[in-house]
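Dear colleague,

Please find below the structure that I am handing over to you, with its sequence. My findings follow it, and I should be grateful if you would read them with the model open.

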Amino acid sequence: MIKIGVVDTTFSRVDMAKYAIEVIETELPEATIIRYTVPGIKDIPVAARNLLINEGCDAVITLGWVGPGAVDKYSYLAMSVGLIMLQIMTGKHVIDVTVHEDESSDPEELYQIAVDRARKHALNLVKLVKYGREALTQYAGKGLRQGRPDAGPVIEE
Amino acid sequence: MIKIGVVDTTFSRVDMAKYAIEVIETELPEATIIRYTVPGIKDIPVAARNLLINEGCDAVITLGWVGPGAVDKYSYLAMSVGLIMLQIMTGKHVIDVTVHEDESSDPEELYQIAVDRARKHALNLVKLVKYGREALTQYAGKGLRQGRPDAGPVIEE
Amino acid sequence: MIKIGVVDTTFSRVDMAKYAIEVIETELPEATIIRYTVPGIKDIPVAARNLLINEGCDAVITLGWVGPGAVDKYSYLAMSVGLIMLQIMTGKHVIDVTVHEDESSDPEELYQIAVDRARKHALNLVKLVKYGREALTQYAGKGLRQGRPDAGPVIEE
Amino acid sequence: MIKIGVVDTTFSRVDMAKYAIEVIETELPEATIIRYTVPGIKDIPVAARNLLINEGCDAVITLGWVGPGAVDKYSYLAMSVGLIMLQIMTGKHVIDVTVHEDESSDPEELYQIAVDRARKHALNLVKLVKYGREALTQYAGKGLRQGRPDAGPVIEE
Amino acid sequence: MIKIGVVDTTFSRVDMAKYAIEVIETELPEATIIRYTVPGIKDIPVAARNLLINEGCDAVITLGWVGPGAVDKYSYLAMSVGLIMLQIMTGKHVIDVTVHEDESSDPEELYQIAVDRARKHALNLVKLVKYGREALTQYAGKGLRQGRPDAGPVIEE
């Protein structure tokens with residue numbers, strides 16, 4: 001049985017987990033989804049850890065929201081180090097979806113960034129879990145983006 | 001028996017632990033509270049570690065105060081990395097309440113930020129310990145804040 | 001049997017793995033190459049870990065692409081800490097090829113930087129795997145660069 | 001038998017260990033003091049580690065001196081992460097006394113900061129070792145400072 | 001038998017290892033020296049790790065060269081965290097000699113900084129290996145510098 005963990009926060013200003021879960025349910029209907037909500041991004045690593053280790057999830061998607069200040073960015077860095085160390089410990093993917101409040105001053109655009117990023121990364125997770133390490137190789141070097149239009153390759157080869 | 005650890009510092013300019021303890025005693029009266037006071041934020045991780053591992057606490061709340069300088073922020077970053085690694089090691093929550101001295105130049109406002117943040121995060125801790133990983137899910141994406149008014153969702157869905 | 005892992009991303013705007021693989025196939029034809037593609041740089045450490053530990057690779061080359069913003073650089077820092085800790089854990093080399101989008105505003109130049117860096121570091125990896133710790137000693141202190149012309153020694157000795 | 005480790009550096013411009021040792025000898029006369037001198041702050045964590053693990057020290061005080069440049073601050077950050085991880089591993093306190101060369105342009109004031117900080121933190125260490133986790137609780141939230149006059153609480157409660 | 005590891009890079013623009021090895025051979029003639037050359041500073045920790053753990057070196061000196069950009073400094077930070085964690089794991093000294101390209105715009109001066117720093121830190125390493133933790137205590141607080149003239153104590157005591 002495939003188990004996918006979903007970690008999100010009450011700090012976030014968009015319910016990104018809802019969109020990630022929709023994608024997982026559609027694309028990986030055989031999966032059990034376990035959700036874990038924490039206050040903020042610094043609480044995400046322990047939740048991801050408990051889903052991977054205690055609940056036996058095969059992979060986790062985390063949905064974080066980061067404020068605009070310098071200290072918020074340090075919290076983001078600490079979370080990132082933690083999630084990377086957790087993945088090294090467990091050998092399982094934790095796909096980290098992070099939206100930074102200063103990515104746009106337009107609420108509607110910020111909302112669209114968050115939803116698009118959550119959906120596209122949920123799809124990335126599904127592909128890695130379902131088809132393994134070469135599932136994304138056809139897109140390698142293609143300049144794909146989540147939350148924004150794809151950048152594309154720097155030059156046509 | 002539920003055991004909750006509370007770590008605070010002599011560097012802090014508000015006795016935040018007092019407010020956190022009040023909330024825990026009210027909302028989780030069956031819990032034993034163990035307090036540990038250290039000089040400053042870089043001493044917090046080992047105190048939290050000892051409460052979780054030596055004293056068998058189920059979760060810890062830490063109450064840190066950070067100065068306004070660039071070096072103070074690096075100390076905050078180091079503490080954050082440490083607390084996240086500790087949580088990954090133990091699988092237990094360490095809810096980190098941090099007040100930055102430069103959040104306000106008004107002492108009264110700084111005091112209110114500290115008290116509100118300590119109380120709200122103590123409540124977050126209680127909910128996670130009492131009801132588990134979905135206790136906060138009804139607030140996911142709601143833009144909750146501690147120490148400040150809630151930001152709310154970026155748009156109404 | 002020699003096994004070399006190659007990790008790259010869909011975020012990258014140049015298919016650097018192609019050039020790295022060409023070099024490895026030419027210079028180390030007896031090696032088996034295992035490729036692993038992930039969304040972005042923060043996913044690289046777990047992929048490298050799985051290639052080293054689960055697949056038994058002798059060494060890994062990673063090909064990352066970093067955006068121009070401050071947050072992108074923090075992600076780079078977190079990835080770097082992760083890859084270094086992974087190497088300390090395993091005792092195996094993970095040669096990290098990173099291109100920063102802001103290294104050039106000219107797409108053609110950026111492309112050339114990426115290709116040259118991927119090729120030269122693939123050759124570094126081959127030499128370390130094939131000849132060991134003194135393979136590069138003849139170039140020590142020579143100011144070699146990847147992606148750019150060599151800087152050379154600061155003074156002629 | 002109580003054993004206290006003292007780590008200092010040849011980079012430092014004040015012999016802070018001398019003052020820390022005086023306090024420990026006076027306040028904790030039954031303790032054996034073991035001193036370890038290293039070149040600079042990045043060498044401090046391994047010295048502290050050896051005192052805690054090889055020599056069986058109950059706690060360590062470290063006395064570091066940091067230059068004014070951005071790179072010096074990164075070294076400070078790396079040292080801080082290391083000392084925090086060491087404390088999490090061992091469960092023992094490493095009280096870190098750090099003086100930053102740019103805290104004052106007046107040599108005499110810099111000297112006084114260093115001496116005062118070393119003495120006060122030595123006393124903190126003694127209290128934690130002698131009386132345990134609530135030894136400093138009476139000072140929690142009191143805005144104590146080392147090297148500077150106490151800041152005090154932000155408002156009188 | 002004493003074994004000393006020497007790690008250097010092809011990125012470096014001065015052959016610092018040559019000077020470090022000269023000092024070690026003169027001051028510690030009974031030691032076996034094992035050299036390991038890697039491409040750049042992020043490859044240094046795994047080389048140091050292999051010398052300490054696989055080759056049984058008693059201590060390692062690393063000779064790194066860092067570019068002038070912000071990203072170069074992040075690489076320096078990641079390397080520093082890695083070397084500190086490695087030392088905490090092994091209990092052995094890794095004396096890190098780092099030259100930053102922006103320490104001087106004069107090539108001759110940069111060369112002299114590199115040579116002097118390599119030599120003086122090699123001597124530090126020899127003293128720590130030969131005489132142990134109090135070998136440098138007579139210089140504690142003396143404001144010694146490597147690569148630059150000694151700063152000296154801030155005031156005469």
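For the helix packing described first, an axis is a line fitted to C-alpha atoms, for helices over the stretch in contact, and an angle runs from 0 to 180 degrees between N-to-C directions. Please note also that this is a predicted model.

**Helix packing in chain C**

Two packed helices are described by the angle between their axes and the distance between the axes. In chain C, helix 1 (residues 16–27) packs with helix 4 (residues 107–131) at an angle of about 35°, and their axes are 8 Å apart. The crossing of helix 1 of chain C and helix 4 of chain C is right-handed. On the side of helix 1 of chain C, the contact is made by C:M16, C:Y19, C:A20, C:V23, C:I24 and C:E27. Helix 4 of chain C contributes C:A114, C:V115, C:A118, C:R119, C:A122, C:L123 and C:V126. By type, the residues of this contact between helix 1 of chain C and helix 4 of chain C comprise 11 nonpolar, no polar and 2 charged. An α-helix has 3.6 residues a turn, so residues three or four places apart point the same way.

Helix 4 of chain C also holds C:L128. This residue, C:L128, counts as buried because it has 25 C-beta neighbours inside 10 Å; the cut-off for a buried residue is 20 or more. Leaving aside residues up to four places away in sequence, C:L128 touches C:A59, C:H93 and C:A135. C:H93 is 35 residues from C:L128 along the chain, yet their C-alpha atoms are separated by 8.4 Å.

**Helix 2 of chain C**

Helix 2 (residues 44–54) of chain C is largely enclosed by the rest of the structure, because 9 of its 11 residues are buried. The buried residues are C:I44, C:P45, C:V46, C:A47, C:A48, C:R49, C:N50, C:L51 and C:L52. Their cover includes, from chain C, strand 1 (3–9), strand 2 (32–38), strand 3 (59–66), helix 3 (70–90) and strand 4 (94–100). It also includes helix 3 (70–90) of chain A. Just after helix 2 of chain C, C:G56 takes a positive phi of about 70°.

**Chain A as a whole**

Chain A has 4 helices and 4 strands, which run β-α-β-α-β-α-β-α from the N terminus on. A compact globule of 157 residues would have a radius of gyration near 15 Å, so the 15 Å of chain A agrees with that expectation. The C-alpha trace of chain A spans about 45 × 40 × 30 Å along its principal axes. Of the 157 residues in chain A, 56% are buried. Among the contacts in chain A with a separation of 6 or more, 71% are between residues 24 or more positions apart.

**Contacts between chains**

The contact of chain B with chain A involves 31 residues of chain B and 39 residues of chain A. On the side of chain B that touches chain A, the elements that give two or more residues are helix 3 (70–90), strand 4 (94–100) and helix 4 (107–131) of chain B. Helix 3 of chain B supplies the largest share of that side, 9 residues. The residues of the side of chain B that touches chain A divide into 15 nonpolar, 11 polar and 5 charged.

One residue of helix 3 of chain B is B:I84. With 29 other C-beta atoms within 10 Å, B:I84 is buried. Not counting residues up to four places away in sequence, B:I84 touches A:K42, A:P45, A:A78, A:M79 and A:G82.

As for helix 4 of chain B, its 25 residues should span 36 Å at 1.5 Å a residue, and its end C-alpha atoms are 36 Å apart, which agrees. Just after helix 4 of chain B, B:G132 takes a positive phi of about 85°.

Chain D contributes 31 residues to its contact with chain B, and chain B contributes 39 residues. Helix 3 (70–90), strand 4 (94–100) and helix 4 (107–131) of chain D each supply at least two residues of the side of chain D that touches chain B. The largest share of that side, 9 residues, comes from helix 3 of chain D.

Which chains are not joined by a contact? No contact joins chain B and chain C, and their closest C-alpha atoms lie 11 Å apart. No contact joins chain A and chain E either, and their closest C-alpha atoms lie 11 Å apart.

With kind regards

How values were computed. Residues are numbered from 1 along each chain as its sequence is written. Chains are lettered from A and ligands numbered from 1 in the order in which they are written. This is a predicted model: local features need pLDDT of at least 70, side-chain atom pairs count only at pLDDT 80 or more; totals for chains, interfaces and linings use all residues. A crossing is left-handed if the near helix is turned anticlockwise from the far one by less than a right angle, and right-handed if clockwise. Two residues are in contact if their C-beta atoms, placed from the backbone, lie within 7 Å. Ala, Val, Leu, Ile, Met, Phe, Trp, Tyr, Cys and Pro count as nonpolar, Asp, Glu, Lys and Arg as charged, and the others, Gly among them, as polar. A residue is buried if 20 or more other C-beta atoms lie within 10 Å of its own, exposed if 12 or fewer, and partly exposed in between; C-beta atoms are placed from the backbone. The radius of gyration is taken over C-alpha atoms; the globule rule is 2.2 Å times the number of residues to the power 0.38. The expected span of a helix is 1.5 Å times one less than its number of residues.
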